[in-house]
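I'll jot down what I look up as I go.

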Amino acid sequence: MTGTTRYALYFTPKPGSDLARFGNAVLGYDNHTGAEIPRPDGMADLAGVTDSPRRYGFHATLKAPMRLAPGVAEADLLAAAEALAADHPPVPVGPLHVATLGAFTALIPVAPPPELGLFAAECVAAFEPFRAPLSEAETARRRPERLTPRGRALLAAWGYPHVFEEFRFHMTLTDALPEEARAPWRERLAAAYGAGASLTLDALSVLRQDGAAPFRVLQRIPLGG
């Protein structure tokens, strides 16, 4: 992706919140400021298992990273995000817990409400006109041979296989781990996270990535205007 600019629509927690501090410390990176963040005490070895999520920063995906379609400017994307956010109330999500999701470790809702999936679907559809079609290389990176037929169809139609009925709200904490490492990291990170506060999706964040640099938040737009 060298030389390519991509954008994404994410939920990122409010800067300075307990959730933001936890996620930033685990990944060692703050995607709002671009600063490196010290790892939690006793967890310096997180540096060896967070390379992939660190490039994106602590977030939950609503519209996956994309190049802009020809004729679309960054200002167009930001204006559309502001319009969508103004018309949508905050979404109560409830408590999160640390879980194993496939080969990854992530924070996921204990009981995700239907409104959460509906908001994610709205984001996918609303920003689809801004997305450039996937290149062959971008399609290959999604490993379509490992997807279900439905996943391949979603990838072809929407540029990402984990949308609509395949969507699961998650905030990734580690790389894909070998099976024997998954439970130990889940337990360590669950202990570090603790009970946590109940989450409300209160904003929509627009992020930008230039080349191979980490994603940075351009704007965090409150829901409900």
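I started with the second largest pocket, which comes out at about 290 Å³. I'm working on a predicted model, where local features need pLDDT of at least 70, side-chain atom pairs count only at pLDDT 80 or more, and totals for chains, interfaces and linings use all residues. Residues are numbered from 1 along each chain as its sequence is written, and side-chain values use heavy atoms, with hydrogens and water left out.

For my own record: on a 1 Å grid over the protein atoms alone, a pocket is an open set of points where a 1.4 Å probe fits, with protein on both sides within 12 Å along at least five of seven lines, and lining residues have an atom within 4 Å of a point. Points join across faces, edges and corners, and the volume is the space filled by probe spheres set on them.

I listed 17 lining residues here, with Ser 17, Asp 18, Leu 19, Ala 197 and Leu 199 closest to the centre. Helix H1 (18–27) gives the most, three residues; helix H7 (179–193) and strand S7 (199–201) each supply at least two. (Helices are DSSP runs of H or I, at least four residues; strands are E, at least two; both are numbered from the N terminus.)

Next I took the largest pocket, about 1600 Å³. Of its 45 lining residues, Phe 104, Arg 142, Tyr 160, His 162 and His 170 sit closest to the centre. Strand S1 (5–11), helix H2 (51–56), strand S2 (60–66) and helix H5 (136–141) are the elements giving two or more residues, and S2 gives the most, with five.
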